[in-house]
Every structure is written in structure tokens, then in C-alpha cells.
Amino acid sequence: MSKPIIETHQLTKQYGEFTAVNNLELSINEGEIVGFLGPNGAGKTTTLLMLMGLSVPTSGTATVGGYDVVEESKQVRQIAGMMPEGSGYYEDLTARQNLQYIGQLNDIPKDEVDNRIDELLEAVDLVKWADTKVEKFSRGMKQRLGISEVLIKQPKIAFFDEPTLGLDPKSTKELRDILLKLNKEQGLTIFLSSHLLHEVQQTCQRVLIIRRGKLVAADTIANLSNNLLSKDMSSIEFELTEIDSDLIQKLNDVSGVKSVEQQNHKLFVNLENGNVREVSETITKHGSIILLMKPRTFSLEEIFLDYYKED
Ligand SMILES: Nc1ncnc2c1ncn2[C@@H]1O[C@H](COP(=O)(O)OP(=O)(O)OP(=O)(O)O)[C@@H](O)[C@H]1O
Ligand SMILES: [Mg+2]
């Protein structure tokens, strides 16, 4: 059993009357990559700031690496790094100078920083740009520099607040590959707040969904997908050569079929204790060819929107 590296208990942050984070219960294991999802204003950044010991909770507790985020915030910041929303770097310094400066701010001995810089820039593919001023960097390069700034103190845990905001698909993938590599090779625990569901789906082992400051889901995408179907219900996805209203009608008449949804060339047949054989035979008899048939899985986007359907 891995042990939790981040734990919160009834963690709450209020701004006056407004509750930005509401009784958050979190448990994150060492080495996990966790996605933190929620729309604008849900409380993601507020949570990250509290976990970094940079914002004091109104009530509740949190430990990071076993350290209390209030009483031992300095130790927390020694083992945890955070890449904030919109990175902090100095445009008129080079990549190397930025890292030296961050090292200084974190009280890391200069020799140690200098020894680490090449390796860090290598990890984020900026070796060639080490001595170029950041003002010449593209957005993707700046974000990669931001990652190396987080890594300079060799953290056990890294918090990323929307690291891929404004990046093109290629830079997004590069950044994702860097994070996955750091997790795999160094066992870095990654807490990734993002609006890009596709991105999270491809990176994270587990997702947390926050809604108006409250945690509404914490599970693997596969489990959350299963939860979208109520008990005793199953949903089969079909890809067919031909779909027409006559076929949909016939399928609706099969016993156990609760509903049939069409999405372009796909059909989703929702069954309660249903007879899958009769469904596929109905399709074949109608003259359509089954190109694909499998249990339906939901994308993270569908899962996410389901939690927000009442908003
Ligand atoms: N310093 C503050 N004073 C008052 N209200 C604040 C403060 N910081 C955040 N809030 C409010 O708390 C709520 C949560 O904000 P937070 O920045 O944590 O959201 P978020 O999930 O990070 O959103 P986004 O996706 O837009 O970054 C928002 O309604 C915000 O207006
Ligand atoms: Mg935010």
C-alpha cells in the first residue's frame, strides 16, 4: 500500500461570507498523477495555494509530505513545488539566469544550482536556449522553463496550475510527455489543475472534480465512466454501415432496451438486464452491418459535464 503524500481534512477557505473551498477531503498517494478539474472559480487555485502553505485555511487541516501546511509551511515548500497560473520568470534574464535566481530564492547553494541547470534544461528541452533571454521565448518554451523552475529544488510533489493554458497541440503534448517522464523516472507526485479534459484524460491516473468548492468526485476515469450508468443498466456502442429511423424504432421495441441514442454513425443502445443478442440480430436483419460493438465508455468530457448539468 502506498501512503498518502497529500491529505486534507475538512479543508475550508472563506473569503468573508463566501466559501471558496468547502470541507475538502483529499488523499493522494506518493507517485500518483492526479487531475484537478473544475470550471472557473471552482476553487482549484485556492486549494493549491493552501497545499503549498501560501494561503492559510479558514478551518480544517492539510498535510503535504507529512508536514502541516500551516505550522510547517516552510518544510512543505522545501518538498513541494508549484507552477502558478501564468508563470513567474524574468523576461530580461536568460533561462540559466532565471534558474539561478530561483535557486537563490529557495536558498539552494549556488554550486548545486549550477550543477543542476544543464540537466534541468535538458529535461525540458531548452539546452540550446540556456543563454538566450526569455523575452525571445515562445509561450511553450516559457512554460517548459516554468517546469524546470519547479524542479530546481528537486521536489517530491509538484503542483501545476493549468500548465498548458494557451499552448498549441504540439507544445501541449511535449509538456505532457515531460510530466509523464518525471513521474515515471523520478516518482514525482503530480497534481495537475487543468481545463483541458482531453489532456487530463491522457495524463492522469485519477481525477478529482471540484464544484463550487466541494469535491464531487475522486476516482479513476474508468470508474467514473461506469458510474454514469445506473445499476443494472448497460450501454452498448455500435458502429454501423447504415442507421435510419426505422432501425432505431425497431431497436426501441426490443425487450429490455430503455433508449437508443444516435451520434453520427454511432448508436448507443441502453439496456436494462437486456438481451444483447436480440439487439444485434435486429440490426443485422434490418440489413445494416455491424462494424464495431463494445460496451460504451464515457469520455472525461461527458463525465465532467454530467457533474455540471445542473449549473
Ligand atoms: N483573494 C480573494 N479574495 C476574494 N475572493 C477570492 C480570492 N481568491 C479567490 N476568490 C474567489 O474564490 C473562488 C475560487 O477561486 P479560484 O481562483 O480558486 O478558482 P479556480 O478554480 O482556480 O478558477 P480558474 O479556473 O478561473 O482559475 C472564486 O469565486 C474567486 O472569485
Ligand atoms: Mg485558478
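How do the residues of the shell around ligand 1 divide into nonpolar, polar and charged? They divide into three nonpolar, six polar and two charged, where Ala, Val, Leu, Ile, Met, Phe, Trp, Tyr, Cys and Pro count as nonpolar, Asp, Glu, Lys and Arg as charged, and the others, Gly among them, as polar. The model is predicted: local features need pLDDT of at least 70, side-chain atom pairs count only at pLDDT 80 or more, and totals for chains, interfaces and linings use all residues. Residues are numbered from 1 along each chain as its sequence is written, while chains are lettered from A and ligands numbered from 1 in the order in which they are written.

The shell around ligand 1 consists of Tyr15, Ala20, Gly38, Asn40, Gly41, Ala42, Gly43, Lys44, Thr45, Thr46 and Glu85, a residue being near if its C-beta atom, placed from the backbone, lies within 6 Å of the molecule. Helix H1 (residues 44-51) gives the largest share, three residues.

The chain has 11 helices and 14 strands; these are DSSP runs, with helices (H or I) of at least four residues and strands (E) of at least two, numbered from the N terminus. Four strands make an open antiparallel sheet in the order E2-E1-E4-E5, two strands being paired if DSSP finds at least two bridges between them. Strands E2 (18-29) and E5 (67-68) are its edges, each pairing on one side only. Strand E1 (residues 4-15) runs antiparallel to E2 and is joined to E2 by eight bridges.

An automatic or database domain assignment divides the chain into domain 1 (4-224) and domain 2 (230-295). Their centres, taken over C-alpha atoms, are 44 Å apart.
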